[in-house]
Amino acid sequence: MASPVVVMGVSGSGKSTVGAALAQRLRVPFADADDFHPPANIAKMTAGHPLDDDDRHPWLEAIGIWLAEHPTGGVMSCSALKRRYRDQLRRHCADVAFLHLSGALEVISRRQASRPGHFMPASLLASQFQTLEPLEPDEHGVSINVDQDIDSIIDSYVTLTDPATEEETR
């Protein structure tokens, strides 16, 4: 039995692309957290204003419910930038695993610039890096650098989380 996976990271790190490819590889459902935002959150971000914790709470609740509805596996792309946000998701699904797509600001800025029309403006990227709290040692998950191709990221994740290895590496 596989546990649900949240592909996390700052905007532009590749969460949706990697998440969809990982779900396909694992043969489980995929959902994008962006689709769970209420219209007010999208309007706020489109206007160039970062979300606050009050904005995020109902959004994270909806994501947590989706994770709980997929106890045998599913992949969700979600920023999950702070430990308390990940804790909120774990309250719904205690065994959720996290794949943190990490990378340098320059690399992610370049990636973000290649996706015109997204509601999250590039101007908010710096605030996302400031907000980001990387996975802590007691959190179930791994961090993988995004400065490589998608197949390599997925291969690394699958290798690092293979139960046969009985080990997770950061």
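**Entry 1: A80**

I started with A80, which is buried at a relative accessible area of 0% (buried means under 20% relative accessible area, exposed over 50%, partly exposed in between, with a 1.4 Å probe and protein chains only). The model is a predicted one, in which local features need pLDDT of at least 70 and side-chain atom pairs count only at pLDDT 80 or more, while totals for chains, interfaces and linings use all residues. Residues are numbered from 1 along each chain as its sequence is written, and side-chain values use heavy atoms, with hydrogens and water left out.

I looked up the backbone of A80 and found a positive phi of about 45°, although A80 is not a glycine. Most residues other than glycine have a negative phi. A80 lies in the loop between strand 3 (75–77) and helix 4 (83–92). For elements I use DSSP runs numbered from the N terminus: helices are H or I with at least four residues, strands are E with at least two.

**Entry 2: R27**

I then checked R27, another residue other than glycine with a positive phi, here near 60°. R27 sits in the loop between helix 1 and strand 2 (30–32). Is R27 buried or exposed? R27 is exposed, with a relative accessible area of 77%.

**Entry 3: overall layout**

I counted seven helices and five strands in the protein. Read from the N terminus, the order is β-α-β-α-α-β-α-β-α-α-β-α. Of the 170 residues, 45% count as buried. The accessible surface comes to about 8400 Å², and 54% of this belongs to carbon and sulfur atoms; the areas come from the Shrake-Rupley method with a 1.4 Å probe, and for residues only the protein chains shown count as cover.

I also looked at contacts, meaning heavy atoms within 4.5 Å. Among contacts with a separation of 6 or more, 77% are between residues 24 or more positions apart.

**Entry 4: the nonpolar core**

I looked up the largest nonpolar core and found 40 residues in it. A nonpolar core is a set of buried Ala, Val, Leu, Ile, Met, Phe, Trp, Tyr and Cys residues joined through side-chain atoms within 4.5 Å. Its residues with the most contacts inside the core are V6, I63, L67, M76, C78 and L99. Helix 3 (residues 53–68) gives the largest share of this core, five residues. In soluble globular proteins, nonpolar side chains tend to be buried together.

I listed the partners of M76, leaving out residues up to four places away in sequence: V5, V6, V7, A31, D32, A33, F36, I63, W66 and L67.

I checked the cysteines C78 and C93. C78 is buried at 1% relative accessibility, and C93 is buried at 5%. The structure holds zero disulfides (a disulfide is a pair of cysteine sulfur atoms within 2.5 Å).

**Entry 5: helix 7**

Which residues of helix 7 (residues 150–160) are buried? They are I153, I154 and Y157. Seen down the helix axis, these fall within an arc of 95°, so they line one face of helix 7; the arc is that of the directions from the helix axis to the C-beta atoms. An α-helix has 3.6 residues a turn, so residues three or four places apart point the same way.

I noted that the buried residues pack against strand 1 (5–8), helix 1 (15–26), strand 4 (97–102) and strand 5 (141–145). The face turned away from the buried side carries the exposed residues D151 and T159. At the start of helix 7, a side-chain oxygen of D149 comes to within 3.1 Å of the backbone nitrogen of D151.

I looked up L26 in helix 1, which is partly exposed at 37% relative accessibility. L26 and V158 are 132 residues apart in sequence, with 9.0 Å between their C-alpha atoms.

S102 is in strand 4 and is buried at 19% relative accessible area. Its side chain makes a polar contact of 3.3 Å with the side chain of S143. A polar contact is a pair of N or O atoms within 3.5 Å; within protein, one must be able to donate a hydrogen and the other to accept it, and residues adjacent in sequence count only if both atoms are side-chain atoms. Beyond four places in sequence, S102 is in contact with S143, I144, N145 and V146.

S3 is in the segment before strand 1. Leaving aside neighbours within four places, I found S3 in contact with P71, G73, D95, A97 and H140. The side chain of S3 reaches the backbone oxygen of D95 at 3.1 Å. S3 and V75 are 72 residues apart in sequence and 9.1 Å apart in space, C-alpha to C-alpha.
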